Amino acid sequence: MGMIPFQKNKKKKQIIIVFSIGLMLLVAGIILYQTYSLFEETEDYDVIKGSVPNYLDNYDIKINFKVDGVSVNQTPTREDKKGVESITCDKGAMGSWDYFHWNFNVNSLSQTKTTCTVNFVTRYTEDILNGTDPIWKDELIPVTIDNNGTVHKANVQEKWYEYGNQQWANAVILEDESINYQNGEEIPESNIESYFVWIPRYKYKIFDMGEYEGLTTLQNRPQIIDIQFGVDTTNDSDNSCKTPGISGESGTCSVGKYMTHPAFISFESIGMWVGKFETGYKGATTKEEAQKNENNPDKVIIKPNVYSWRGINVSNAHLSSYNYKRNLDSHMMKNTEWGAVTYLQHSKFGSRSSVRINNNSNYLTGYASKKEPTCGFTGDNQECNRYEKTSPGVDGSYTINYFNSVSNVASTTGNYSGVFDMSGGSWEYVMGIMFDSTNGNSLKNNVFYFPKDKQYYDMYVYAMIEEGYRRRILGDATGEIGPFADQTYATLTRPSGSWYGEEAWFVSSNGIWFARGGLYASGTRAGVFAFSRDYGIAYGHISFRIVLTV
């Protein structure tokens, strides 16, 4: 009889143990589920997927596609000539469309069972662009510009650009973004904060390897640059040409081969939006008020008849550009990006001529000289090189403002659709810096903030002289415009390139940062091919330009 109570107690104890284990497993399951959910709520994802409207494996996100307001079962292809008008996601997620890879991206995914809808619209495309048609999002509004400078919101389903006829695509950012303009409606100048011009991705036929060392004999060698638009990354016709970088090596590149312009490779973009004018200082009423050495993106304004922002060092110019529109990947123009605009200007898609100088000595944007200069900088204001100051929007005897249609000679297209201020006005710092191999592979004399991400600058090999042109990066519009030789005007002697005799100082120990375009008083020495070097410090005659990659 002593055994019976013991057996009952043992059985009861086993039941309690089993129940306890089950309870522990249940609690562990709950904890595991909560941990998983918490992970999903805090982790960010970059989803590069997009097919049919189903929850994607491993991501738990549903993507719906609409075309012109109608739901579809498949993602439109690049060849369908569709553009993304908007993307909406629930539960706080944010989506974007990658035009280069033609994929949907989502980030800030914080909850499960998230749904995003990608709204495509039929849009105008141009066959010769081969898929590099302009793209826009967020604050960017596509526009057309009349022959008197009047801006209208573009109907993107109709022809609003035509690169085959030197009509480049334009977009603006508004001061008051709450105003909704209808297609074709005029956008008043007073509500425009910034103008941008679309530079489509392209490859170009190499016309000169630019392997010049020192000064020789100046030649007159301007030519039309052969450009082909496209989203592919074709290094050359044999797929063997390598874009030279800091080593200065040229790979197997040679004259006559095609190479995708490097400006589009670092960002994997199908194009870029370039500031239509030199960056201005918002609110400045004199040229002196526009000289501010500060990081202040709220002061960025990119439009005609404003005072160019000068007296700013490279560090603050970079930071003001970088922080201007982070959602649009705004940044200070690189040297190769300047080259990309220049080569497009000198192709059959641009004006293909020497761009007229902005000769307004008040550093006002968008101005043009009435006469083509016939001499370079002489230190005074002579008939062969006239310059003068005016008030904003007022014409002078020798300089005319942007809204005077004759000013189009200062555009990269010869019409209102192009980029202005690339010849004269102020010099423009660009993100191109010399590498110092003599100082532990550091940046020589670089006391400024420098971006860690290499896609935001171009690096050049160290040298102590300004005539080491073979250190060029193919496509940056420096070494390739040689050979080079000295030219003397009055008592001033400067090295010049063979394309229009424009100034040609390469970075060296005498100046580690590139500046482009020339000065209002530079005369024939200014131009889209002009380049010089400086220390990156703030000067009253040097400005900068902003680029967006979307």
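Buried means that a residue has under 20% relative accessible area, exposed means over 50%, and partly exposed lies in between, as found with a 1.4 Å probe on protein chains only. The model shown in these views is predicted, so local features need pLDDT of at least 70 and side-chain atom pairs count only at pLDDT 80 or more, while totals for chains, interfaces and linings use all residues. Residues are numbered from 1 along each chain as its sequence is written, and side-chain values use heavy atoms, with hydrogens and water left out.

View 1. A disulfide is a pair of cysteine sulfur atoms within 2.5 Å, and the structure holds two of them. In this one, the sulfur atoms of Cys89 and Cys116 lie 2.0 Å apart, and the link is right-handed, with 115° about the S-S bond. Cys116 is buried because its relative accessible area is 0%, whereas Cys89, at 22%, is partly exposed.

**View 2. A disulfide joins Cys375 to Cys384.** The distance from S to S is 2.0 Å, and this link is right-handed, with 70° about the S-S bond. Cys375 has a relative accessible area of 10% and is therefore buried, while Cys384 has a relative accessibility of 22% and so counts as partly exposed.

**View 3. The largest pocket has a volume of about 1,000 Å³.** Of the 34 residues that line this pocket, Ser96, Trp97, Lys137, Asn327 and Val550 are the closest to its centre. A pocket is, on a 1 Å grid over the protein atoms alone, an open set of points where a 1.4 Å probe fits, with protein on both sides within 12 Å along at least five of seven lines, and lining residues have an atom within 4 Å of a point. Grid points are joined across faces, edges and corners, and the volume is the space filled by probe spheres set on the points. Strand β3 gives the most to the lining of the largest pocket, with six residues, and β3, β4 (94-98) and β5 (103-107) each supply at least two.

**View 4. The second largest pocket has a volume of about 520 Å³.** Its lining is made of 20 residues, and Glu85, Trp136, Leu140, Pro142 and Lys153 lie nearest the centre.

**View 5. Tyr124 and Tyr161 form an edge-to-face aromatic pair.** Rings of Phe, Tyr and Trp (its six-membered ring) pair if their centres lie within 6.5 Å, with planes under 30 degrees apart counted as stacked, over 60 as edge-to-face and the rest as tilted. A search of the whole structure finds 43 aromatic pairs. For Tyr124 and Tyr161, the centres are 4.9 Å apart, with 65° between the planes. Tyr124 is buried, as is Tyr161. Both tyrosines belong to one aromatic cluster, whose members also include Trp136, Trp160 and Phe349.

**View 6. Arg310 lies over the face of Tyr363.** A charge sits over a ring if NZ of Lys or CZ of Arg is within 6 Å of the ring centre and within 35 degrees of the ring normal. Arg310 is 4.2 Å from the ring centre of Tyr363, and the charged end of Lys325 sits over the ring of Tyr324, 5.4 Å from its centre.

How values were computed:
Helices (H or I, at least four residues) and strands (E, at least two) are DSSP runs, numbered from the N terminus.
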